[in-house]
Amino acid sequence: MSRIAEAFSDGKAFIAFITCGDPDLETTAAAVRSAVGNGADLIELGIPFSDPTAEGPTIQGANIRALKGGVTTDKVFDLVRELRKDVTVPMVFMTYANVVFSYGADRFISICGDIGIDGLILPDLPFEEKEEFLPICHRYGVDLISLIAPTSENRIAMIAKEAEGFLYIVSSLGVTGTRSEIKTDLGSIVKVVRENTDIPCAIGFGISTPEQAKAMADISDGAIVGSAIIKILERYGRDAPEHVGEYVRSMKDALR
């Protein structure tokens, strides 16, 4: 069983997203360990990018702060090497195709495999163009994780059939960010997914409260939270890891 499969094997999974290097890499490492220690089943690490098209103002701000602080892809790789000394839950990168291209796709993905990154999420990579990266990911044992959006409609079955790792279901149209309510008919999307794959699916975008997390996990295999965690990091800075842990614990308790 892969590490990602294990994350979903014992009840509903809580997935925490953290932008690397906001406010600095030491705080990122402490926040990851705090999240894992308080029940996060999988960690999604954002590699900062200057034009993060899928992100709302909160995560855009985190990207800008991290880049201003001098975070590079190589420094993020070093961070993961350090985390892997004691963090055993699956970790995936969320970044943009341009980051992988400019680094060199083969080199980037081979390092992912070496340092213990389990998967790669590229929100700006159209499903039809994934062959650009898929063979390289397979070569180095890294899952290329697909996204399904409310606009995917007649493509949901096709995307689900070829999914690996887990499926990232986008809860609503637009960019990341907390939302007061999620109105998309996610049940019907998950139904099509279930008919076409045994790969687990988790819902992200807009989830910030334990009630929302539970509602999303009730219809899928887990909940993904990013902006709400980034807001804690923005508010508390280097003192944030303890608060991140408390927040993750409340979300994971709701999923139990």
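**Figure legends: chain overview and the Ser110 site**

The mean positions of the 25 positive and 37 negative charges of the chain are 3 Å apart. Lys and Arg count as positive and Asp and Glu as negative, with His and the chain ends not counted; each charge is placed at NZ of Lys, CZ of Arg, CG of Asp or CD of Glu. The model is predicted: local features need pLDDT of at least 70, side-chain atom pairs count only at pLDDT 80 or more, and totals for chains, interfaces and linings use all residues. Residues are numbered from 1 along each chain as its sequence is written, and side-chain values use heavy atoms, with hydrogens and water left out.

**View 1. Fold of the chain.** The chain has 12 helices and nine strands (DSSP runs numbered from the N terminus: helices are H or I of at least four residues, strands E of at least two). Its radius of gyration is 17 Å, close to the 18 Å from the globule rule for 256 residues, so the chain is as compact as a globular protein of that length (taken over C-alpha atoms; the rule is 2.2 Å times the number of residues to the power 0.38). Along its principal axes, the C-alpha trace spans about 45 × 40 × 35 Å.

**View 2. Ser110 in helix 6.** Ser110 lies in helix 6, residues 105-115. Ser110 counts as buried because its relative accessibility is 15% (buried is under 20% relative accessible area, exposed over 50%, partly exposed in between, with a 1.4 Å probe and protein chains only).

**View 3. Ser110 and Arg107.** A polar atom of the Ser110 side chain lies 2.9 Å from the backbone oxygen of Arg107.

Technical notes:
Polar contact = N/O pair within 3.5 Å; in protein donor to acceptor, adjacent residues only side chain to side chain.
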